[in-house]
2 protein chains.
Amino acid sequence: MTTRTVQPGDGVGEASTGGPLRIGLVSGPMVAIPPPAYAGTERIVAVLVDELARRGHHVTLIGPADSKVDCELVPTIDQALWSSGISGDATPYIEVTIERAWSVANRFDVIHSHLDTLSFSFARHSPVPVLHTLHGRLDMPGVPELLDEFRDIPLVAISESQRRWWPKNNWVAMVHHGLPLENAPFSEHAGKYLAFVGRITAEKGVQAAIELARSVKLPLHMAAKVHEEDEKRLFAEVVAPAIAKGIVVFEGELATPERDKLLAGALATVLLGAWPEPFGLVAIESMATGTPVIARRAGALPEIVDHGLTGFLVDDLHEARFAVRGIATLDRAAVRRTVLERFSVARMVDEYEAVYRRMAASTATLRR
Amino acid sequence: MTTRTVQPGDGVGEASTGGPLRIGLVSGPMVAIPPPAYAGTERIVAVLVDELARRGHHVTLIGPADSKVDCELVPTIDQALWSSGISGDATPYIEVTIERAWSVANRFDVIHSHLDTLSFSFARHSPVPVLHTLHGRLDMPGVPELLDEFRDIPLVAISESQRRWWPKNNWVAMVHHGLPLENAPFSEHAGKYLAFVGRITAEKGVQAAIELARSVKLPLHMAAKVHEEDEKRLFAEVVAPAIAKGIVVFEGELATPERDKLLAGALATVLLGAWPEPFGLVAIESMATGTPVIARRAGALPEIVDHGLTGFLVDDLHEARFAVRGIATLDRAAVRRTVLERFSVARMVDEYEAVYRRMAASTATLRR
């Protein structure tokens, strides 16, 4: 992406000169902002809304009407799907969201979409620049063809791992997530159990976590929702027997404060899934409480976990056992300090702000 | 490790001034040098013997008497164990090897042991400096205690992955392996099958390789020995049914030329084992023939495979399928060129030579 330097007073407005920007953030129909229960993407949107508004930008959220934000809200649907209990294909609701964004596009200097691939056409044809942060894995059916078709539109990856398949696309930045982690509780003492927070799916490494807990003779405290059919099946097959044997303490789906308490009280949080996790918020949430992470070297985790400092990266169960053995030697205050620096809201929003300014400036220049 | 500059003519001999060194290479009892069939460690020893002698050093191999080398040989046992068919615990033979090395130690400027941990005591108490290259994984029972005890002795790791658990040991270098890869056959055309070369063990990803081949509808050509009980069991359970279904073409244990031909003719070589492979010679051997590698992000493979250039790094079966889809777009000449540069004998021996000189010089200085 080439940008031209814009001189003060050349009539292109504040966007390119460091003043407030008019920013439209587009969020999907699934979850309101901020999310009432555990969510990934929507928490990042909530943080962006808050911090960009705090910095004096004119922020508009284009999202579910039951969102509660301190900025202008352009409602897309009356109630977010997770809370209204609607399941099945969300595509029509996303199309509604995109149309709503399109209808107000001209009011912004830059639009930032979190709808993943469905709004790629919008990005190409919108009158104002549209940035996409991609939140998912990029090798699923059809996504490769889409990324090939849309090599021009500006994209942000959330990890190097996520974008490594797509060197020819227009990645304007890689921005690791940031969260207000300084609010997390901190425990300076290593606990006596392993923690698992996530979904009860094979890809999240449920079985490996249980197997590890069994072999190191530590209880595994699990916080997870069990809603979908495949979650229920894996729960019955793998988790329930481990509860019966006293290996797993199952705490269900926890609200954020209880979940943070679970993380803070653990010896280590385990992320042993063999899948390309695009980021891994649980990892940074755990480390913020002082609890280091034992993670498989997959997805973004090698970028997030500093081996020997904030946790250990492992390749198999044997290494995971070995990691458990050494994990209490890590300095929990250093774990927290490191992650608060690396994954702060300030750092993330700085990086997005820089992208917004470049995009707004380049359009302003073109519009002259 | 601190070394002092030694002035010419100060009486410490050639060791510290760039002249030939007297080097003792210690190799285990399992395999003769050079190895008659597939081997890992012993091939590296063979390369070191040849290239160090070619560079004018006074090289002595301390190893099995049936070795055939162009240098002095101090025989340890009459016949290497693999060819004499002796199985079971090799420890007594390794102890004999160490004693033989000790008995001639004074003849060398530096001794380089490939016996892994059993010769650590030798390194500490020997009258001349002893370097260890560690070839295995370092988290097995007892190894941690040993490494803690022997923090002083100079070690070389064969990958960053291998040494990442042991930041406090005396790593004088990390030296990736090098092989005479320029002799490998080259095929500029992508083949129509996947290749697997290795052991028939779960950790090498046998099942994942077969599952991948099945799902992308490509035959999997496998070259592997099936000697041990666990190899036979996995073969019967997993490989034999896949042969019956026409997924696997099993070629048995191949000599190097046939194995190279197998690699050269493939679309890709797959290394999907979820274990901390300390290096992964098969990866560089495949790439030398122009055939890129599809490897799980485990062990040293992320250091060896340049994602998008010499192969693809994957986290799960879905990504592996995706990698198969794109692998034919890689430039096979570039694959070969890259690996010949990065994993050359010259580069490896340069790095070891530098370590030898530092060690010899520091001792020579101490002896004054």
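**View 1. Helices α7 and α8 of chain A pack at an angle of about 10°.** In this close-up, helix α7 (residues 206-216) and helix α8 (residues 229-244) of chain A lie with their axes 11 Å apart, where axes are lines fitted to C-alpha atoms, for helices over the stretch in contact, and angles run from 0 to 180 degrees between N-to-C directions. That angle makes α7(A) roughly parallel to α8(A), since angles under 35 degrees count as roughly parallel, over 145 as roughly antiparallel, 65 to 115 as roughly perpendicular and the rest as oblique. On the α7(A) side the contact is made by V206(A), Q207(A) and I210(A), and on the α8(A) side by L234(A), V238(A), V239(A) and A242(A); contact here means heavy atoms within 4.5 Å. Sorted by class, this contact has six nonpolar residues, one polar residue and no charged residues (Ala, Val, Leu, Ile, Met, Phe, Trp, Tyr, Cys and Pro count as nonpolar, Asp, Glu, Lys and Arg as charged, and the others, Gly among them, as polar). Helices (H or I, at least four residues) and strands (E, at least two) are DSSP runs, numbered from the N terminus.

The model shown in every view is predicted, so that local features need pLDDT of at least 70 and side-chain atom pairs count only at pLDDT 80 or more, while totals for chains, interfaces and linings use all residues. Residues are numbered from 1 along each chain as its sequence is written, chains are lettered from A and ligands numbered from 1 in the order in which they are written, and side-chain values use heavy atoms, with hydrogens and water left out.

**View 2. Helices α7 and α8 of chain B also pack at an angle of about 10°.** The axes of α7 (residues 206-216) and α8 (residues 229-244) of chain B are 11 Å apart, and α7(B) and α8(B) are therefore roughly parallel to each other. Here V206(B), Q207(B) and I210(B) of α7(B) meet L234(B), V238(B), V239(B) and A242(B) of α8(B), which gives a contact with six nonpolar, one polar and no charged residues.

**View 3. Helix α9 of chain B has buried residues that other elements of chain B cover.** Within α9 (residues 256-264), the buried residues are R259(B), D260(B), L262(B), L263(B) and A264(B); buried means under 20% relative accessible area, exposed over 50%, and partly exposed in between (1.4 Å probe, protein chains only). Among the elements of chain B that cover these residues are α1 (41-54), β8 (194-199), β9 (220-225), β11 (268-271), α10 (281-288) and α13 (332-342).

**View 4. T338(B) is a residue of helix α13 of chain B.** T338(B) counts as buried because its relative accessibility is 15%. Leaving aside its neighbours within four places in sequence, T338(B) is in contact with D306(B), L309(B) and T310(B).

**View 5. Chain B and chain A meet in a contact that takes 30 residues from each of them.** The area buried between the two chains is about 2400 Å², of which carbon and sulfur atoms give 53%; buried area is the accessible area (1.4 Å probe) that two parts lose on being put together, summed over both. W165(B), R297(B) and F322(B) supply 28% of the area that chain B buries against chain A, more than any other three residues. Across this interface the rule finds six salt bridges, a salt bridge being a side-chain nitrogen of Lys or Arg within 4 Å of a carboxyl oxygen of Asp or Glu.

**View 6. Salt bridges join side chains of chain B to side chains of chain A.** D316(B) and R137(A) meet in a salt bridge at 2.9 Å, N to O, and the side chains of E319(B) and R164(A) meet in another at 2.9 Å, N to O. E319(B) lies in helix α12 (residues 317-327) of chain B and R164(A) in the loop between α6 (160-163) and β7 (171-174) of chain A, so this pair joins two chains. E319(B) is buried, with a relative accessible area of 3%, and R164(A) counts as buried at 16% relative accessibility.

**View 7. D350(A) and R55(A) meet in a salt bridge within chain A.** The N to O distance is 2.7 Å, and the pair links distant parts of the chain, with D350(A) in helix α14 (residues 345-367) and R55(A) in the loop between α1 (41-54) and β2 (58-63), 295 residues apart. D350(A) is partly exposed, with a relative accessible area of 42%, and R55(A) is partly exposed at 25%. Both belong to a network of salt bridges that links E51(A), R54(A), R55(A), D350(A), E353(A) and R357(A).
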